[in-house]
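The exercises below are meant for a reader who is meeting this structure for the first time. Please look through the sequence and the 3D view before working through each solution step by step.

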Amino acid sequence: MSETADRVKKIVVDHLGVDADKVTEDASFIDDLGADSLDIVELVMAFEEEFGVEIPDDAAEKITTVKDAIDYIENNKG
Amino acid sequence: MRRVVVTGLGLVTPLGGDVETSWKNILAGKSGAGPITRFDASDQKCQIACEVKPADHEYGFDPDKRVDHKVQRQVDPFIVYGIDAAGQAIEDAGLEDMSEEMKLRAGCSIGSGIGGLPGIESESLVLAERGPGRVSPHFVHGRLINLISGQVSIKYGLKGPNHAVVTACSTGAHSIGDAARMIKDGDADIMLAGGAEATICPIGVAGFAQARALNSSFNDRPTEASRPYDKDRDGFVMGEGAGVVVLEEYEHAKARGAKIYAEVVGYGLSGDAYHVTAPAPDGDGAYRSMQAALKKAGMEPGDIDYINAHGTSTMADTIELGAVKRLFGDDIGGASMSSTKSAIGHLLGGAGAVESIFCILAIRDQIVPPTLNLHNPDEGTEGVDLVPLEAKKREVNAVLNNSFGFGGTNASLIMKKI
């Protein structure tokens, strides 16, 4: 697993209070991890902070799974 | 007429994360005061407070017991305290498994005097230093006063009235009184009622200190700072925590075989119409509030065994005492009156609820809690049993709880053994 994936999963576990083994790459934030739309806003802010990337609203709306987040960060980090 | 009884209790205080620990420490004469640990208070005039202690403390509070990790991260501490105290009260009342029908008739009236001040302070700094894009999406609903009632209703599925009182330091008492009326009026059969506060943060302490309401000369002797009725008092000690009771319609409680602590028999309200922070010097607002509660209860002053005073350890103590003496006349000789703020500080919006619970426990255990640090009673205290320093065993059948708030808002509750 990539270093980015590890860090993303750690943020998800911390923010959503879910067990680490539930945070698979295919997991949907809303359907599988119990997040609501505000939790996703907060997660996106935490990803921006952690990785120093900017995630505009239109891109954030497309991030629905853990893998979506990892891919976006991998493709856009400086 | 529908009658209202108390069937469950929940407390988070500077002397315990639950009812029995808090009460045991209150009766033992312990103080919850100490140097402020939440932030560096070295530049503050007042550097002490009664903080709720961490989970690993002898009488600490463990938020993980009843409040989801995610919720804890999103909301201010006053909401965490409120949710936990409400959960305790539900468990104590044996209402963990309510039917859908019961839930439709069960509501919440849990308020706060100020709400999420620490979060407002910290997010304001985020806004100023890092811009609007870094403000938490949970900022608003994590700080709003009615979000204890909101969170508790969601957690336990309570679909009846959802209400939150905001009357400064009278909040807890008004919350219980208003909720009792909702049950009497038939809006609900069960109400979770109470108050919570958590404002031990730099802006909270500075704000009350600048208003000349907080103590400032006891920074080296924190446990001696809260001394209601004592000559050397110089301002209140800020406390934090929550108190929530389960109120229930009497026949409803009897039908399910619930344990009944007491009946809420009197509720009085009044306004001072005098000053934003100082009570009317003649104590007339307090007098009318207590008088109204007695009238509702159909009782005489001589029927009251114990008064849990507002008694904040400020100049206002003697004003309340004057009002009590005026109302009770010679009957004051038969009552005991103490301020538990001497032990846990002033819980502001939580005070009236927490102190009502101490009143109920005084009825249960036939003992009245002490006024700590009362070594040199002030002028005007003669002839009143202020229960100095040590708890006192005595007959307790009916209790009066007073709460008075900034803005000149007064509430009195009378509860009685059933």
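**Exercise 1. A contact between side chains**

With which residue does the side chain of Glu42(A) meet in a salt bridge?

Before starting, note that this is a predicted model, in which local features need pLDDT of at least 70 and side-chain atom pairs count only at pLDDT 80 or more, while totals for chains, interfaces and linings use all residues. Residues are numbered from 1 along each chain as its sequence is written, chains are lettered from A and ligands numbered from 1 in the order in which they are written, and side-chain values use heavy atoms, with hydrogens and water left out.

Step 1. The partner is Arg73(B), at 3.7 Å from N to O, where a salt bridge is a side-chain nitrogen of Lys or Arg within 4 Å of a carboxyl oxygen of Asp or Glu.

Step 2. The pair crosses between chains, since Glu42(A) belongs to helix α2 (residues 37-51) of chain A and Arg73(B) to helix α2 (residues 69-74) of chain B. Helices (H or I, at least four residues) and strands (E, at least two) are DSSP runs, numbered from the N terminus.

Step 3. Glu42(A) has 10% relative accessibility and counts as buried, whereas Arg73(B), at 29%, counts as partly exposed. Here buried means under 20% relative accessible area, exposed over 50%, and partly exposed in between (1.4 Å probe, protein chains only).

**Exercise 2. Further salt bridges**

Step 1. Asp92(B) is partly exposed at 25%, and Lys259(B) is partly exposed at 42%.

Step 2. Because Lys103(B) and Glu100(B) are three residues apart in helix α4 (residues 100-104) of chain B, about one helical turn separates them. Lys103(B), at 17% relative accessibility, is buried.

Step 3. A network of salt bridges links Glu48(A), Glu49(A), Arg130(B) and Arg134(B), and the structure holds 34 salt bridges over all chains.

**Exercise 3. Strands in a sheet**

Describe the sheet of chain B that contains β13, and then examine β13(B) itself.

Step 1. The sheet is open and has ten strands with mixed pairing, in the order β5-β4-β6-β7-β1-β8-β14-β13-β9-β10; two strands pair if DSSP finds at least two bridges between them. The edge strands, each pairing on one side only, are β5 and β10 (336-338) of chain B.

Step 2. Strand β9 (residues 306-308) of chain B runs parallel to β10(B), to which three bridges join it, and Asn308(B) has Ser338(B) as its bridge partner there. Three bridges also join β9(B) to β13(B), again in parallel, and Ile307(B) stands opposite Leu400(B).

Step 3. Strand β13 (residues 398-405) of chain B has eight of its eight residues buried.

Step 4. Strand β14 (residues 409-416) of chain B pairs with β13(B) in the antiparallel sense over eight bridges, and Gly405(B) stands opposite Thr409(B). Their hairpin has three residues between the strands, and in it Gly407(B) takes a positive phi near 95°.
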